[in-house]
Amino acid sequence: MSRHWFVEVLARNGEVRQRHRLEELPIRLGRAYDNDFILDDPHAAAHHAIVEAAEDGSLQIRDLGSRNGIIHRGHRRSDIALDGHQVVRLGHTNLRIRASDFPVDAELADTTLHSWEGARPALLGLLLIILLSASDTWLLDTEKFQAIHYLLAMIYLLGAALAWSGLWALANRVFGGHPRFGRHLFILACGLLAIQLWAAGSDIVAFALSLEVFTRYGSIVSIAITATMLFFHLCTINPQRVRRFAATCGLLTLLASGIVTMNNYQSTGHAGSELYMHVLLPPEFRLSKDKPVAQFITDAASLKAKVDAERGKSVNGEVIDADESD
């Protein structure tokens, strides 16, 4: 058996908060000062538990008659065999006991971009958000220039961006050990930029080439961009779970896209988010050939026939004549 052992106090996320080395068994745990390891926990007994060698030479922890006992995987136990993997709770304190010869995992590859930390991504993210706010306001502003419109839009977007990035930074601090606020702000700014570029680019392509599919299903692309942004947020917190995060974000994209498509079909009878192209650009942007007037009249007549057929269907068990409804 090993010559010394380590008692580790763990946070809720499994991170080691404190590690104490002890040279011999048994190891007594509790709030009293005559214990080998003192628990600063009002929910722990003065003499709560003892770690000792079992008859077969293995390590075990045994309850000493405490009120709250030893909790392992949600169940109270009087004694538990220990091999270094078990996490037990005494009061509100999560503990793990390991011997000095406990095998550790292989060294992880360092995938953290240490040069992309702190002020640089934060400043670039802020600059992108300011430019996005100004450009979006400029594109939508149809009145005489007023600086207050740009200022208010900038304040609103910056406030939302800071709140979003702050929440991710808090999660990064809790689960990753470092906040990385600047990187989360930069990820958000890149995601917003991608959504705006797609919205503008798809409108131009749809109008120029008469490909309305770019605008009708643009919401699905925006969902995919948002899921990609979430993927990079999660990878910033834990870069070791790339595949799991990719699968999760892919599933969320499919689920959200399906919900949006079904809602569109239920509301309008079409899977697309738009029934017609909502953006009209100058004729100079048109690259596709114009349709003849005769074809337009034919299409309009065909559309009228379909509308009349729909109007003539039964409503609440009564058939409505298309001519009588005019």
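The structure is a predicted model, in which local features need pLDDT of at least 70 and side-chain atom pairs count only at pLDDT 80 or more, while totals for chains, interfaces and linings use all residues. Residues are numbered from 1 along each chain as its sequence is written, and side-chain values use heavy atoms, with hydrogens and water left out.

The chain holds seven helices and 13 strands, where helices (H or I, at least four residues) and strands (E, at least two) are DSSP runs numbered from the N terminus. Its radius of gyration is 32 Å, well over the 20 Å that the globule rule gives for 326 residues, so the chain is more spread out than a compact globule; the radius is taken over C-alpha atoms, and the rule is 2.2 Å times the number of residues to the power 0.38. Along the principal axes, the C-alpha trace spans about 95 × 55 × 35 Å. Of the contacts (heavy atoms within 4.5 Å) between residues at least 6 apart in sequence, 46% join residues at least 24 apart.

The largest pocket has a volume of about 740 Å³. On a 1 Å grid over the protein atoms alone, a pocket is an open set of points with protein on both sides within 12 Å along at least five of seven lines, whereas a cavity is a set where a 1.4 Å probe fits but cannot get out; lining residues have an atom within 4 Å of a point. Grid points are joined across faces, edges and corners, and a volume is the space filled by probe spheres set on the points. The lining of the largest pocket comprises 26 residues, with Cys235, Thr236, Ile237, Asn238 and Pro239 nearest the centre. At least two lining residues come from each of helix 2 (147–176), helix 3 (181–209) and helix 5 (218–237), and helix 5 provides the largest share, six residues. By class, eleven of the lining residues are nonpolar, eleven polar and four charged, where Ala, Val, Leu, Ile, Met, Phe, Trp, Tyr, Cys and Pro count as nonpolar, Asp, Glu, Lys and Arg as charged, and the others, Gly among them, as polar.

Among individual positions, Leu82 lies in strand 9 (residues 79–82) and counts as buried because its relative accessible area is 9%. Leaving aside residues up to four places away in sequence, Leu82 touches Val51, Leu59, Gln60, Ile61 and Ile97. Asn264, in helix 6 (residues 242–268), is likewise buried, at 12% relative accessibility, and beyond its neighbours within four places in sequence it is in contact with Gly269, His270, Ala271, Gly272 and Ser273.

Backbone geometry was also examined. Leu25 and Pro26 are joined by a cis peptide bond with omega of about -5°, Pro26 being placed in the loop between strand 2 (16–22) and strand 3 (27–30). Arg73, although not a glycine, has a positive phi of about 55°; Arg73 lies in the loop between strand 7 (70–72) and strand 8 (75–77) and is exposed at 74% relative accessibility. Arg180 also has a positive phi, near 50°, and is found in the loop between helix 2 and helix 3, but Arg180 is buried, with a relative accessible area of 15%.

Terms used: Buried means under 20% relative accessible area, exposed over 50%, partly exposed in between (1.4 Å probe, protein chains only).
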